[in-house]
Amino acid sequence: MGIVVSIDGRILPPEEATVNVFDHGFLFGDSVYEVVRTRRGRPVTMEEHLARLEGSARRIYMELPWSRAAIAARVAEANAAGGNAESYFRIIVTRGVGEISLLPDTCRSPCLIVIVKPLPAPPASVARDGLRVLVTGRPRNDRRALDPSAKTGNYLNNLLALVEAHRGGCDDAILLNPAGLLAEATTSNLFLVRGGRVATPALECGILAGITRDLLLREFPARGIAAEEGSYGAEALESADEVFLTSTIRGVAPVTSVDGRPVGDGRPGPVTRRVAALYEEALDRLADAAGAPRSS
Ligand code: PDD
């Protein structure tokens, strides 16, 4: 119960879950990954995550030897072994074991790892008080270098931005792209609300195509929420009425201060609360569609 790890199909307790030091995932960060969650015990948006995993692999010239169904089956096995009411899954594909050379040619086969752990409920303080963010001078990776649309094992730039944000007394950092336009937070996408309209940096700004972001953008029209994707300078953050972040783990999280200045009146705003509620409803619909029993 609790944390279990599947390594190439072997289900292991966390203390026995080890990787080979000659795996290029360990040596060079030569790996791709996804973070997926359950709703009422059922994985949600798995297909979208597996499609993105394939896209990430393609961008680093890695061919996945498993079908989406085979990966989903590994996740289901690990989920059953975990026995948690609600789970977090980290699906990692490393390049595999090879010689100490940047070239992946000697790597025999990729390694598929699934880490399952209980999914904690988001802290109530975030919905109540919001997050404090700072705009970091550390840019998001240039699309011409390691394209941020690939979710790879190279998170060091984001990690450093997050450490610096915490040192600055903030919860997260907003990164600008190399042209100085808003990109995203360290593991979340960014949304602004301006005059009742929701705006989010376009994929061309050099961000991860978040599954949560996409789900919301598809949900907005039917809910009568006006939304746009575009390019925004950092000043758009200062003048926004509301700001929120989205991710599989965070869901929809209000941001109430940027660089120490309050966003709007410094409280989570009405549009953000509405978006958070519709996200929860969307998750429930997905769980219903996956056959999850309704709790009484
Ligand atoms: N992070 N941007 C970045 C850089 C991310 O790492 C993530 C996800 C997102 C949001 O994507 P999604 O809505 O698909 O979760 C945006 C996951 C949660 C993580 O690495 O833990």
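Begin by selecting Asp 30 and Arg 95, whose side chains meet in a salt bridge, 2.9 Å from N to O (a side-chain nitrogen of Lys or Arg within 4 Å of a carboxyl oxygen of Asp or Glu). Asp 30 lies in the loop between α1 (24-28) and β3 (31-39) and Arg 95 in the loop between β5 (87-94) and β6 (111-118), so the pair ties together parts 65 residues apart in sequence. Helices (H or I, at least four residues) and strands (E, at least two) are DSSP runs, numbered from the N terminus.

This is a predicted model, in which local features need pLDDT of at least 70 and side-chain atom pairs count only at pLDDT 80 or more, while totals for chains, interfaces and linings use all residues. Residues are numbered from 1 along each chain as its sequence is written, and side-chain values use heavy atoms, leaving out hydrogens and water.

Next, select Arg 68 and Glu 47, which form a salt bridge with the closest N and O atoms 2.7 Å apart. Arg 68 lies in helix α3 (residues 68-82) and Glu 47 in helix α2 (residues 46-59), so this pair ties together parts that are 21 residues apart in sequence.

Then move to helix α5 (residues 156-167), where Asn 158, Ala 161 and Ala 165 are buried (under 20% relative accessible area; exposed is over 50%, partly exposed in between, with a 1.4 Å probe and protein chains only). On the other side of α5, Leu 156 and Arg 167 are exposed. Finally, select Gly 169, which follows α5 and has a positive phi, near 80 degrees.
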